[in-house]
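Reader: I would like to learn how to read some features of a structure. Please take them one at a time, with the general idea before the case.

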Amino acid sequence: MTRAWSTIFPIALLPLIFHWMPLWRRNGIWFGVTVAPGYEDCPQARTVLHSYRIAIWLLALAAITVTAFGPPAIFPWAFPVAMTLELGGALAAFAHARRQTLPHAVRPTPLRTASLASAPERLPGGIAAALVPFAVLTAAALYLYLNWNRIPERFPVHWGIDGSPDRWSARTWQGVYTPLLLGAVHCGVMLLIGLGILHASPRGRVPANAAATAQFRRAMLQFLVATVWGMAFLLAAVSLGRVFAERPFGNLPPLAISVALISLTIPFLWRIIRINRTIGGGGDGTPDECWKLGFFYCNPADPAVFVEKRLGIGYTCNFGNPTTWLVLGLILLFSLVPVLLRYL
């Protein structure tokens with residue numbers, strides 16, 4: 001893949017994601033607004049969707065044109081401008097579609113549900129599933145320590161989208177162990193988010209949707225644990241590849257794990273989308289006015305730290321809850337640890 005195509009590819013991929021993203025939501029939500037059951041099939045809703053998609057593809061055409069006629073070697077600003085055009089334009093298009101939908105909003109049901117007999121939730125696989133990724137990363141670090149002299153004095157640490165190395169590192173403890181430290185931090189952060197979903201997110205505020213919401217939570221937690229495992233094995237394989245200077249299998253192990261992660265993601269996403277499509281009307285029980293631009297949830301009166309997204313798949317934070325900022329601060333602090341270690 002040439003460098004020109006390596007820049008055009010992500011710009012061409014984004015509109016495909018934005019094209020389908022409005023449909024990745026539970027029934028009863030349309031462009032971040034709580035609507036009556038069946039509203040998404042009416043002519044007004046379809047008109048809003050078509051207008052949004054036309055805007056997305058016109059922005060994509062403009063972004064690709066900017067990139068195609070602005071080679072990175074001559075116009076280094078072309079790619080950032082194109083990405084900003086697509087991302088900012090998509091946000092503006094969604095906000096406009098949301099404003100068009102707001103006149104058709106309905107109030108969420110005031111009824112709430114809570115089960116007094118359900119079994120306590122836990123991470124899929126329990127404590128063992130949470131410890132295995134760290135054991136894998138620790139075993140890789142130990143192997144590198146025992147085979148230190150087999151590591152080349154200089155080795156690649158980053159590859160471009162065309163597969164060619166574009167960043168190198170020396171055989172120092174920071175250069176060798178930083179990917180494993182990053183893996184441990186990221187795995188810890190993702191498991192922390194999983195615990196937050198378990199203990200600080202609502203369990204079905206709309207009675208009619210309680211069962212589907214429980215299925216959604218379970219699927220999301222399973223996907224999160226599987227992603228943590230895949231990330232640990234991928235970073236361990238990349239790190240251990242430095243020991244084998246001859247690389248008899250080339251980049252096959254990391255590539256195989258990457259393909260496996262993508263293959264794993266598709267059925268999980270399809271399952272989660274299908275669960276959302278089985279949910280009836282009534283929205284998610286959160287007030288529309290607390291969703292800023294339909295993306296950001298800010299409700300100081302809501303004790304939840306994590307709530308379901310209204311656009312896309314997964315959970316987002318309640319930015320009106322002070323605990324949210326404490327959690328985000330801890331995540332930022334842990335994420336900076338491997339970076340700071342490079343300068344020690």
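Author: Start with residue classes: Ala, Val, Leu, Ile, Met, Phe, Trp, Tyr, Cys and Pro count as nonpolar, Asp, Glu, Lys and Arg as charged, and the others, Gly among them, as polar. This is a predicted model, in which local features need pLDDT of at least 70 and side-chain atom pairs count only at pLDDT 80 or more, while totals for chains, interfaces and linings use all residues. Residues are numbered from 1 along each chain as its sequence is written, and side-chain values use heavy atoms, with hydrogens and water left out.

Reader: Which residues line the second largest cavity?

Author: The second largest cavity, of about 70 Å³, is lined by W24, R25, R26, I29, F216, N276, D284, E308, K309, R310, G312 and G314. By class, this lining has six charged, three nonpolar and three polar residues.

Reader: What is the volume of the second largest pocket?

Author: That pocket has a volume of about 450 Å³. It has 17 lining residues, and W24, L269, I273, G312 and I313 are the closest to its centre. Helix α7 gives the most to this lining, with six residues; helices (H or I, at least four residues) and strands (E, at least two) are DSSP runs, numbered from the N terminus. Eleven residues of the lining are nonpolar, four polar and two charged.

Reader: How many salt bridges does the structure hold?

Author: A salt bridge is a side-chain nitrogen of Lys or Arg within 4 Å of a carboxyl oxygen of Asp or Glu. The structure holds three. In one of them, R310 pairs with D288, with the closest N and O atoms 2.5 Å apart. R310 lies in the loop between β7 (306–308) and β8 (315–317) and D288 in the loop between α7 (252–278) and β5 (291–292), so the pair ties together parts that are 22 residues apart in sequence.

Reader: Is R310 buried or exposed?

Author: Buried means under 20% relative accessible area, exposed over 50%, and partly exposed in between (1.4 Å probe, protein chains only). R310 counts as buried because its relative accessible area is 1%, and D288 is also buried, at 9%. In another salt bridge, D41 and R46 have their closest N and O atoms 3.5 Å apart. There D41 is exposed, at 57% relative accessibility, and R46 is partly exposed, at 30%.

Reader: How many aromatic pairs are counted?

Author: Rings of Phe, Tyr and Trp (its six-membered ring) pair if their centres lie within 6.5 Å; planes under 30 degrees apart count as stacked, over 60 as edge-to-face and the rest as tilted. The count comes to eleven pairs. Among them is the tilted pair of F295 and F296, at 6.3 Å centre to centre with 50° between the planes. F295 is partly exposed, at 27% relative accessibility, and F296 is partly exposed, at 44%. F319 and W325 form another tilted pair, at 5.7 Å and 55°.

Reader: Which residues form one aromatic cluster?

Author: W30, F31, Y52, F94, F295, F296, F319 and W325 form one cluster.

Reader: What is the phi of F31?

Author: Most residues other than glycine have a negative phi. The phi of F31 is near 50°, a positive value in a residue other than glycine. F31 sits in the loop between β1 (29–30) and β2 (33–34) and is buried, with a relative accessible area of 3%.

Conventions:
1 Å grid on protein atoms, 1.4 Å probe; cavity = no way out; pocket = protein on both sides within 12 Å on 5 of 7 lines; lining within 4 Å. Points joined across faces, edges and corners; volume = space filled by probe spheres on them.
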